Amino acid sequence: MTAIFTLFSSKRHEAPEAGGLACTDVTPEGFLFDMGGHVIFSHWEYFDQLLDTALGGGPDAWNTLQRVSYVWMRDRWVAYPFQNNISALPKEDQIKCLTGLVEAKVSNTVAQGRPKNFDEWILRVMGPGIADLFMRPYNFKVWAIPTNLMQCNWLGERVATVDVDRAIANVINNKEDAGWGPNAVFRFPTSGGTGAIWKGVAKLLPAERQRYGQKVVSIDKDAKTVTLDSGHVYQYDSLVSTLPLDITLSWLGKEEWAKGLQHSSSHIIGFGIRGECPHGTKCWLYFPESNCPFYRCTVFSNYAKLNCPADDAKLPTLCKGDGSDPESGEAKAGPYWSLMFEVSESNYKPINQEQVKLGGAAGTWSDVVRDTLVGAINTQLMQAGDEVVSIYHRRIEHGYPTPSLGRDEVLDKALPWLQQHNIWSRGRFGSYKYEVANQDHSLMLGVECVDNILYGTKELTLAFPDIVNAKKNAELLYTKK
Ligand SMILES: Cc1cc2nc3c(=O)[nH]c(=O)nc-3n(C[C@H](O)[C@H](O)[C@H](O)COP(=O)(O)OP(=O)(O)OC[C@H]3O[C@@H](n4cnc5c(N)ncnc54)[C@H](O)[C@@H]3O)c2cc1C
């Protein structure tokens, strides 16, 4: 029997629980924040069943939410996807977008070969109007790398393309058209945030086979050992690792390959606010413009009542929405609501992390927190006088695996090479493929990898992202139906 040693996710190296990037933190005041907006869209019945087994099925365990998603630009909400809703823009922007779309449709019919990079893909599919107004600025904010340095093989269901006839008809009919994409309806745990799912899954597994709070510092592929910072050495036959691939490769002397992989870091910033939420049923919102540092904001209190403290919990105001001193520091009851923001960082897009003091009892925070407050007011998410009762900030070094131009060349060499040495590097950063880096994908990468080790079966998610992302195909492959 093969001994498989799995390096899998502890929340931080020192954290005593499962979760990884899909964990949930709780502020001292009792507000929950995920590591950015985590929305479940499952491509596998296997994944759905696991979630039901981990948390239980039904409305006690899960809220079912309708995606209500908008783009904030030109001082207004434009329904998502942007490209189907240009009728909401000022007339001059509508003209630029529509003429660009027609231009793209015409030039695309005569274009030779595949687009060489993401920027060319954007121009071919959407034209220069939508490119300049939304796609280029928004994608730079998300990926923290210019679009001409990204490849376009990862696209598919991840970026809404354009039906030109529908876009023109929507403008003429002045119609809002929000129904697109794989996550129009999604579910979220009623309690404990996204992290509750993975703590639930960990409970299903034998406790004596799990270790948390320990940091791996090296792998010896020849001796087949893994060494922890405590000095403890584990022996393995086969190693499954979710450690970032660039780190594993550097440890194993493949620095050149490691350098060919790029990632961006993520800052997650959260605010707990006293009062009634002014944003209706909005879920997540996109921000392409330069009036705020974040590319996305989630109205996290809308996902589950228990993402905020109880209405009758008494909390003092830490500072006002503009970061200034509150009227009083007296503890008062709620209700409460919360916003969760994501800001990307890379060498192309550095983030000022100087420490700044906010007003009242809010204390000292990284500059990006203050910039987020200012941005939230600029984009009308918050008001200057709002009572901020909780502040959260966490920086994640490996946030997004970048689909960079050189990525596939490295992956095609590195993953088989590691496998020859009995190391299966899998998961969001283990296999570095953004197109299969969500929770359902990461889980199936693990399931298929273990099947591969034990039975020699093919790892379909890793090899064929496009096929597994076509939901029907995924169901056919993995269910008896
Ligand atoms: C901003 C953001 C938004 C996201 N949105 C969604 C979404 O909407 N829907 C969705 O399904 N998924 C989403 N995800 C992805 C989801 O978080 C991942 O799919 C999932 O967490 C991947 O799990 P994993 O086990 O592959 O890797 P990870 O969660 O990255 O786990 C790897 C673990 O290894 C640990 N580690 C690293 N180095 C060491 C070491 N030397 N020693 C010990 N441990 C180490 C890390 O601390 C980490 O805990 C999002 C992720 C981010 C960052």
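Is Phe186 buried or exposed? In this predicted model, local features need pLDDT of at least 70, side-chain atom pairs count only at pLDDT 80 or more, and totals for chains, interfaces and linings use all residues. Residues are numbered from 1 along each chain as its sequence is written, and side-chain values use heavy atoms, with hydrogens and water left out.

Phe186 is buried, with a relative accessible area of 2%. Here buried means under 20% relative accessible area, exposed over 50%, and partly exposed in between (1.4 Å probe, protein chains only).

Aromatic pairs were searched for across the whole structure, and 26 were found. Rings of Phe, Tyr and Trp (its six-membered ring) pair if their centres lie within 6.5 Å. Planes under 30 degrees apart count as stacked, over 60 as edge-to-face and the rest as tilted. Phe118 and Trp121 form a tilted pair, at 6.0 Å centre to centre and 35° between the planes. Both residues lie in helix 3 (residues 118–143), three residues apart, about one turn of the helix. Helices (H or I, at least four residues) and strands (E, at least two) are DSSP runs, numbered from the N terminus. Phe118 is buried, at 0% relative accessible area. Trp121 is buried too, at 12%.

Phe186 and Trp284 form an edge-to-face pair, at 5.5 Å centre to centre and 65° between the planes. This pair links distant parts of the chain. Phe186 is in strand 7 (residues 185–189) and Trp284 in strand 13 (residues 284–286), 98 residues apart. Trp284 is buried, with a relative accessible area of 5%. Both rings belong to one aromatic cluster, formed by Phe33, Phe186, Phe188, Trp284, Phe300, Tyr303 and Tyr392.

Charged groups also sit over rings. The criterion is NZ of Lys or CZ of Arg within 6 Å of the ring centre and within 35 degrees of the ring normal. Lys254 lies over the face of Trp257, 4.5 Å from the ring centre. The charged end of Arg428 sits over the ring of Tyr400, 5.0 Å from its centre.

A cavity is a set of points on a 1 Å grid over the protein atoms alone where a 1.4 Å probe fits but cannot get out; lining residues have an atom within 4 Å of a point. A volume is the space filled by probe spheres set on the points. The count is one cavity of 30 Å³ or more. The largest cavity has a volume of about 30 Å³. Its lining consists of Val39, Ile40, Phe41, Phe47, Asn438, Gln439 and Asp440.

How values were computed
1 Å grid on protein atoms, 1.4 Å probe; cavity = no way out; pocket = protein on both sides within 12 Å on 5 of 7 lines; lining within 4 Å.
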